[in-house]
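Subject: A structure for you to explore

Hi there,

Here is the structure I promised to pass on to you. Have a look around first, and then read on for what turned up in it.

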Amino acid sequence: MVVLTDEMIEGLRAGLEGSVLTPGDDAYDDVRRIHNGLIDKRPSLIARCRTSSDVAVAVRAARDCGLEVSVRGGGHNVAGQAVTDGGLMIDLSLMKDVQIDPTERTITAGGGVTWGEFNVAAHEKGLATTGGIISTTGIAGLTLGGGLGWIMGKYAMAVDNLVSAEVVLASGEIVHANAETNTDLFWAIRGGGGNFGVVTSFTYRAHQLSTVLGGVVVHPLAAARDALKFFRDVTASLPDELTVFAALRHAPDGSGMKLCGIAICHVSPDEAQAERDVKPIREFGPPVMDMIERMPYPVVNTMTDDAFPRGYLNYWKSAFFTDLSDDAIDKLVTAFEATPTTSCFLVIEHFHGAVTRIEPTATAFPHRAPGYNLIIISQWTEPAQTDDCIAWARQTYDSLRPHMADSAYVNYLDIDDGNRVRAAYGPNYDRLRELKRRYDPDNLFHLNQNIPPS
């Protein structure tokens, strides 16, 4: 155990433009808490960084003092590895700068920016890029793990739109990575998570996009099996412009009513074409509620925010389907009928279009086949519910194993999914291990879905 001295703490404070928090400070508890209320760790120090130089100072201080390092961006990752117990948390949440070049159509944002903040700033210039399905998610963690989102059918994933990044390495050196400079590092951070350094700013390619046709149609639980079969069938031939997800969740009005929703986002500027493409989805059933309308793109990114309340206790399981068969659908509905709380739900994300036309080895994110990704989201508020809620997620996952591929989206892996990291990287895993040895041979950045040095 490292014993921190006043001299160590004051030395860190003196080197930062930002501030340093210790357990006795008023803001300490608020800053150490992250989205998942199940995570309750207590860092010895929190470095609230304002610049990349601050981050470099904090990294060097952690190395010199032998402190474990964690890195917090938006703090949304379910595994809770943004927080260390007893080490040094590098907090990027104050790094909120967003700079837009409308001529070049690029957007550069700090590591503490959330997708809600990013989208609002981009929308003012009529621009957007792929980024998440929840506005409170941080751009940093989401992008480093891949970055799926509402417009990925047309514009691919966040990693595919990243054009450069500023990275603080384990040595404390600040470098830039792009297609011409530090190209191996640039490849690795596009999907390799936080294994290779602290990314303090991201520059993305942006697309001309202002309003979209978006929203959700809702079916009662009694129609869920038919609705999910329709979802499977309609997603077999979607245009790139249309992204469609499905969910089994409880009504957000607190009634506890179980529902099946099909959510869409259509990015075509041709409103008539968008309506034609979406018409079968609106007419199937018909739904008991149709909330699809034209809206600003940033609004689409908020339409599931209510399902992810900050501070709820969370445990997730996830995997890609090999097929969305009738049997798999039946198991999904059966599992949802047995949810232990009204905050538990299931989401199926469909991959098609631009995201599937990129080679699996082009970036560290390898999952490029058309198909479906399942997220089993167990959420609850009372600690006494923990065992039942974790058991429900695990039992649901186990029941669906026959329909799952040996692959996983790294951003959805939970704290006990470390044995699935190789599956998350597939054909890219060995190269990532070699690059880990080059950039972080001592595994300073190990609080993540860790890739050990080769």
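Predicted model: local features only at pLDDT ≥ 70, side-chain atom pairs only at ≥ 80, totals over all residues.

The largest pocket has a volume of about 630 Å³. Its lining is made up of 32 residues, and those nearest the centre of the pocket are Val-216, Val-218, Arg-249, Pro-252 and Met-291. If you colour the strands, you can follow where part of this lining comes from: β12 (211-220), β13 (242-250), β14 (258-266), β16 (293-296) and β18 (345-351) each give it at least two residues. Which strand gives the most to the lining of the largest pocket? That is β14, with five residues. Sorted by class, the lining of the largest pocket has 24 nonpolar, four polar and four charged residues.

The second largest pocket holds about 210 Å³ of space. It is lined by 15 residues, with Arg-249, Ala-251, Asp-306, Thr-342 and Ser-343 nearest its centre. You have met Arg-249 already, as it is also among the residues nearest the centre of the largest pocket. In the second largest pocket, the lining residues divide into seven nonpolar, six polar and two charged.

Now for the cavities. How many cavities of 30 Å³ or more are there? The count comes to three. The largest cavity has a volume of about 780 Å³. It is lined by 46 residues, and Asn-77, Ala-140, Gly-141, Leu-142 and Asn-411 are the closest to its centre. Two or more residues of this lining come from each of β3 (69-72), α5 (139-145), β10 (198-205) and β19 (371-380). Helix α5 provides the largest share of the lining of the largest cavity, with five residues. By class, the lining of the largest cavity has 25 nonpolar residues, 20 polar ones and one charged.

The second largest cavity has a volume of about 40 Å³. You can pick out its lining residue by residue: Leu-4, Met-8, Leu-12, Leu-45, Ala-61, Ala-62, Cys-65, Leu-67 and Leu-88. Helices α1 (6-15) and α3 (52-65) each supply at least two residues of this lining, and the largest share, three residues, comes from α3.

Last, please look at a pair of helices. Helix α12 (residues 326-337) packs with helix α13 (residues 386-400) at an angle of about 165°, and their axes are 10 Å apart. Are these helices roughly parallel or roughly antiparallel to each other? An angle over 145 degrees counts as roughly antiparallel, so α12 and α13 are roughly antiparallel to each other. Their crossing is right-handed. On the α12 side, the contact is made by Ala-328, Lys-331, Leu-332 and Ala-335, and on the α13 side by Trp-392, Thr-396, Ser-399 and Leu-400. The contact of α12 with α13 has five nonpolar, two polar and one charged residues.

Best wishes

Conventions
Residues numbered from 1 in each chain as written. Heavy atoms only, no water. Axes fitted to C-alpha atoms, helices over the stretch in contact; angles between N-to-C directions. Helix = DSSP H or I, 4+ residues; strand = E, 2+ residues; numbered from the N terminus. Parallel < 35°, antiparallel > 145°, perpendicular 65-115°, else oblique. Left-handed = near helix turned anticlockwise from the far one by under 90°. Contact = heavy atoms within 4.5 Å. Nonpolar A, V, L, I, M, F, W, Y, C, P; charged D, E, K, R; others polar. 1 Å grid on protein atoms, 1.4 Å probe; cavity = no way out; pocket = protein on both sides within 12 Å on 5 of 7 lines; lining within 4 Å. Points joined across faces, edges and corners; volume = space filled by probe spheres on them.
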